[in-house]
Amino acid sequence: MRNWFNRQNIVALLGIVLLYAVVQGLIVFDIMPPFYKLTLIQICIYIILATSLNLINGITGQFSIGHAGFMAVGAYISAIITAIQHGPLLVGLLGGAIVAALAGFLVGLPTLRLKGDYLAIATLGFGEIVRIIFLNTEYVGGAAGFTLPSKITWTWAFALMAISVVLMKNFVGSTHGRACISIRENEIAAESMGVNTTKYKVMAFTMGAFFAGLAGGIYANYFYIIQPMTFNFLLSFNILVMIVLGGLGSMTGGILGAIVMTLASALLAGVPEWRNIITAVLLVLMMIFRPTGILGTKEFSLSFLGKKGDKNAASKN
Amino acid sequence: MGSSITQQIFQQIVNGLSLGSIYALIALGYTMVYGIVKLINFAHGDIMMVGAYSGWFAITVLHLPFLPALIFAMVSCALLGVIIERIAYKPLRNATRIAALITAIGVSLFLEYGGMLLVTPQVRTYPPVFPETMYSIYGVIFKYGDIVMLVTSVVLMVLLHITVQYTKMGKAMRAVSFDKDAALLMGINTNNIISFTFAIGSALAAAAGVLMGVYFNTIDPLMGIIPGLKAFVAAVLGGIGIIPGAMVGGLMLGLIESIVSGFGASTWRDAVAFLILILVLIVKPSGLFGKNVREKV
């Protein structure tokens, strides 16, 4: 049996709990200004989005730029469950995520036969179709959008973020994750080694869509209002920028990218007209000078702490 | 009653052809650039926007008539296209496809929001350049502007066809698109050819931008996004990298859109365009005119 309680995991767990407790303390004692809290919750949402897109683009190597579409599905379905049907929040969030995963499965099955640019453009088309469907559905408010009560607290956002990241990280480390990486490295070689490439591509795509839907649900239940315009191509692109900035294929890199981009966007909130220009220029410069992103495909890890724990695990195997 | 439905259909076909000719002009630029450097130039729609603005500038500030204004816009955008290619895309010639694609999106954002800063996000009206004359043939209305648009696009496409098929430069373009390394070994300056391709593509986009301004009367810095995406759909529909494919794809897309609008479902127009894109990609990814290429291991 594997030893879950090695030093690395314990330190990571303590770090997560400590981070949560400090921020929660600041919120409870009213020290934290509301704008900071908003930014922190945004960071949680973007971390889930970036990590889930990384699963598709970075780990499996399937170039998808329709992530906003899955997020929109999750946001609208969860909003319908919590605000129109008055269901509990958790049911709403999970419902949105499951429907988004279903959409991911249905879209992924036919389109994942495509490669590279063609897949990118097909997913882009899917994202736009989803947006137009919500735009034309009066039940969810059409173009004007849909207002709902804000129920997400820091605790919800952080807990869901932490669980999602741990789940996705473990997926990448598992047999299935290895199979996905082999598809990224060389699809033909992977197939000839007996990896069922279609199965794993669809699996990664569905899983990415599930978590994008979850993030959409958190977004909808935090920001009071959702509008079809929010989930446009620019949002998909922003998420893509995050993972490319952090390092495509690195889970921790995606998290880093999400944090950096959200903070940068919050800092530049005072000069909105310059915000997108600066992002664009940075992006082009980065592609020219360091196309692998900050971390490349490396992972930031606590393994330097875990030597003793790993030995324990090895001896028990 | 029956004749009025027929009239309706023909009217939509006329509208569709004028809109489709704009899409075709933009799609040509996409397809040429893709054919030669295998890059989806996401900034192409925004170059069209710049073209619309320079045309607007030429008409309202410099008081030029339509044709010189069109040429002014085409030349300035050709320069812009070359500059973009040299600064942003050239260093990435050997980088991964994803890096190039992201750069293209970055350039696109830069043009959109840089444009917003420069000319303000406010919507501008295009001055009326054509007389409001209309011709009615069996009840189907042809506007003077529609005819000029169709004629302009057809002339430009014929010029492009001649350039690509019968000039030395066009021969070199086809060679580079077929095999870049072999072309280089045969003494073709591939960098110049690639710049030339960007110049031609951007000039066509600028022409489309001016025509679009005339057609819809209003222009704004974000006007390039949706037509850009749709022109890409048109290019894929015809088979990306294939020049006649882009023309046919553009015209087909325009026709489909105006027929959907004619059925009273104009809010679903964009969704139909993207649905077609996905269906084409699934059924025949190489497009209507494309050949299937087998992958060698």
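Chain A of this predicted model has a secondary structure that comes to 13 helices and two strands, while chain B holds eleven helices and four strands. The two chains touch each other, with 32 residues of chain A in contact with 35 residues of chain B.

**Overall form of the chains**

- For a chain of 317 residues, a compact globule would have a radius of gyration near 20 Å, and the value for chain A is 20 Å, which agrees with that expectation.
- Taken along the principal axes, the C-alpha atoms of chain A fill a box of roughly 60 × 50 × 45 Å, and buried residues make up 48% of the 317 residues in the chain.
- In chain B, residues 24 or more positions apart account for 76% of the contacts with a separation of 6 or more.

**Helices α1 and α2 of chain A and what follows them**

- Helix α1 of chain A covers residues 7-28, and its 22 residues reach 31 Å from the first C-alpha to the last, close to the 32 Å expected at 1.5 Å a residue.
- Just after α1(A) comes Asp30(A), with a positive phi of about 65°, and this residue lies in the loop between α1 and α2 of chain A.
- Helix α2 of chain A, residues 34-59, has 26 residues and spans 36 Å between its first and last C-alpha atoms, which is close to the 38 Å expected at 1.5 Å a residue.
- A kink of about 30° is found in α2(A), and the kink is centred on Leu53(A).
- Of the 26 residues of α2(A), 19 are buried, so this helix is largely enclosed by the rest of the structure.
- The residue Gly61(A) follows α2(A) and has a positive phi, near 75°.

- His86(A) is found in the loop between α3 (67-84) and α4 of chain A, and it has a positive phi of about 55° although it is not a glycine.
- With 8 other C-beta atoms within 10 Å, His86(A) is exposed.

**The side of chain A that touches chain B**

- The contact between the chains involves 32 residues of chain A and 35 residues of chain B, and four helices of chain A, namely α4 (89-111), α5 (116-135), α10 (233-246) and α12 (272-289), each supply at least two residues of the side that touches chain B.
- Helix α5(A) gives the most to this side of chain A, with twelve residues.
- Sorted by kind, the residues of chain A on this side divide into 23 nonpolar, six polar and three charged.

**A hairpin in chain B**

- Strand β2 (residues 134-137) and strand β3 (residues 140-143) of chain B pair in the antiparallel sense over four bridges.
- Ile137(B) has Val140(B) as its bridge partner in β3(B), and Tyr135(B) has Phe142(B) as its bridge partner in that strand.
- Two residues stand between the strands of this hairpin of β2(B) and β3(B), in which Tyr138(B) takes a positive phi near 50°.

- If its neighbours within four places in sequence are left aside, Ala52(B) is in contact with Gly209(B), Val210(B), Met212(B), Gly213(B), Ile219(B) and Met223(B).
- Although Ala52(B) and Thr218(B) are 166 residues apart in sequence, their C-alpha atoms are 9.7 Å apart in space.

Methods. Residues are numbered from 1 along each chain as its sequence is written. Chains are lettered from A and ligands numbered from 1 in the order in which they are written. This is a predicted model: local features need pLDDT of at least 70, side-chain atom pairs count only at pLDDT 80 or more; totals for chains, interfaces and linings use all residues. Two strands pair if DSSP finds at least two bridges between them. Two residues are in contact if their C-beta atoms, placed from the backbone, lie within 7 Å. Ala, Val, Leu, Ile, Met, Phe, Trp, Tyr, Cys and Pro count as nonpolar, Asp, Glu, Lys and Arg as charged, and the others, Gly among them, as polar. The expected span of a helix is 1.5 Å times one less than its number of residues. The bend at a residue is the angle between axes fitted to the seven residues ending there and the seven starting there. A residue is buried if 20 or more other C-beta atoms lie within 10 Å of its own, exposed if 12 or fewer, and partly exposed in between; C-beta atoms are placed from the backbone. The radius of gyration is taken over C-alpha atoms; the globule rule is 2.2 Å times the number of residues to the power 0.38.
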